[in-house]
Amino acid sequence: MNLLEQQLHYPLGDVLPEPGTTLEVAPGVRWIRMSLPFALNHINLWLLRDEMDGPDGPVQGWTIVDCCISRDESKAQWEAIFATQLQGLPILRVIVTHMHPDHIGLAHWLCERWQAPLWISATDYNVARLSTQSTTGFGGESAARFFASHGLTDPDSIEKIRARTNYYPSLVPDVPRSFHRLMDGYTVRIGGRDWTCISGYGHAPEHIALHCAELNILIGGDMMLPRISTNVSVYDVEPESNALTQFLDSIDKFSALDADTLTLPSHGKPFKGLHKRIEQLHDHHRDRLAEVMEACQRKPCHAADILPIMFKRPLDLHQTTFAMGEAVAHLHALWYGGQLRRTLDGDGIYRFSAV
Ligand SMILES: [Zn+2]
């Protein structure tokens, strides 16, 4: 446990649900944990006891929140859960917090397997659908050009980014052909309880967290993680975005929730201390912004110049692309905030200097 985590409280201690099983965290709310073949090696998914109207009266069953990436191991884990954890009831609906592969990858398979509808924000649905059909998205020529314009000029890295054209579809082969729209402020009735949608920006196009006042629970998705800070990046598809400011504004919306809220994050363990965590994330980014500002006061910097300042450990290529996106997000926050000015120099690279 790191120092910041010690200021939070993990009510379940170190208990984790075993693969293929679930762990009840509140009445009708069950925790599933699946492994991921990445540096971030697991994801949390949720199973909510539900009831929906059918042609012959109410139908009992379950709602799934988030799906894991598409691969045989994850499907096998789902099958084990279906066989032993559902009390013989069906899956009635699949909710997806946002379009990243670990959250939406198996939505198509789950919805088809149970003839269940997908519920997601319209923005993330459409971006996911385009990304499964696109040859680029998360790589390819335009990503390579974007990173180069921010100072990543090493030919070997650029070549590898250019070659990575099938990343998203390999983890999300398809998405369902229709969806139910989730939007900020909408209420979803799940198992006789109201869950309110809270939109979040800066991590995904339109992330939806779900809050149940009756249970005092927040399904935070990737917008509220206890141990790591959420990835907040600028990408080639929206090269001028102010992602960090959007993210910080978004997490402030959680301040309105009860201080004692149990937050269910997509990575890490369920925790209490929501207000503390919001404060920690603001502190974290304020420190990073100060470092970036200081570097740009010494000399005009591009994003690649900023990497060793923001990330004090060696990065592989995959981490470098994430880190570049984060560096641009910090530069843009200061640029939009009026503290940095941006120039496009003769070498085609954006540099930022103190105003
Ligand atoms: Zn995500």
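Visitor: How much of the chain is buried residues?
Guide: Buried residues make up 52% of the chain's 355 residues. Buried means under 20% relative accessible area, exposed means over 50%, and partly exposed is in between, with a 1.4 Å probe and protein chains only. Please keep in mind that this is a predicted model, where local features need pLDDT of at least 70, side-chain atom pairs count only at pLDDT 80 or more, and totals for chains, interfaces and linings use all residues. Residues are numbered from 1 along each chain as its sequence is written, and side-chain values use heavy atoms, leaving out hydrogens and water.

Visitor: Thanks! How many helices and strands are there?
Guide: The chain has eleven helices and 14 strands. These are DSSP runs numbered from the N terminus: helices are H or I with at least four residues, strands are E with at least two. The radius of gyration is 21 Å, close to the 20 Å that the globule rule gives for 355 residues, so the chain is as compact as a globular protein of that length. That radius is taken over C-alpha atoms, and the rule is 2.2 Å times the number of residues to the power 0.38.

Visitor: And what does the C-alpha trace span?
Guide: Along its principal axes, about 70 × 40 × 35 Å.

Visitor: What share of the contacts joins residues 24 or more positions apart?
Guide: Counting contacts with a separation of 6 or more, 65% are between such residues. Contact here means heavy atoms within 4.5 Å.

Visitor: Let's zoom in. Where is Ser266?
Guide: Ser266 sits in the loop between β12 (262-265) and α9 (274-298).

Visitor: Is that residue buried or exposed?
Guide: Ser266 is buried, as its relative accessible area is 1%. Beyond its neighbours within four places in sequence, Ser266 contacts several residues, including His42, Asp66, His103 and Asp222.

Visitor: You mentioned Asp66. Where is that?
Guide: In the loop between β4 (57-65) and α1 (72-84). Asp66 also counts as buried, because its relative accessibility is 1%. Its phi is positive, about 75°, although Asp66 is not a glycine.

Visitor: New topic: which residues are buried in α10?
Guide: In α10, residues 303-310, the buried ones are Ala303, Ala304, Ile306, Leu307 and Met310. Seen down the helix axis they fall within an arc of 145°, so they line one face of α10. The arc is that of the directions from the helix axis to the C-beta atoms.

Visitor: What do they pack against?
Guide: The buried residues of α10 pack against α9 and α11 (317-336).

Visitor: One last stop: which helix holds Phe247?
Guide: Phe247 is in α8, residues 243-252. Phe247 is buried, with a relative accessible area of 0%. Its C-alpha atom is 6.9 Å from that of Gly200, which is 47 residues away along the chain.

Visitor: What does Phe247 touch?
Guide: Leaving out neighbours within four places in sequence, Phe247 contacts Tyr201, Gly202, Met223, Thr230, Val232 and His285.
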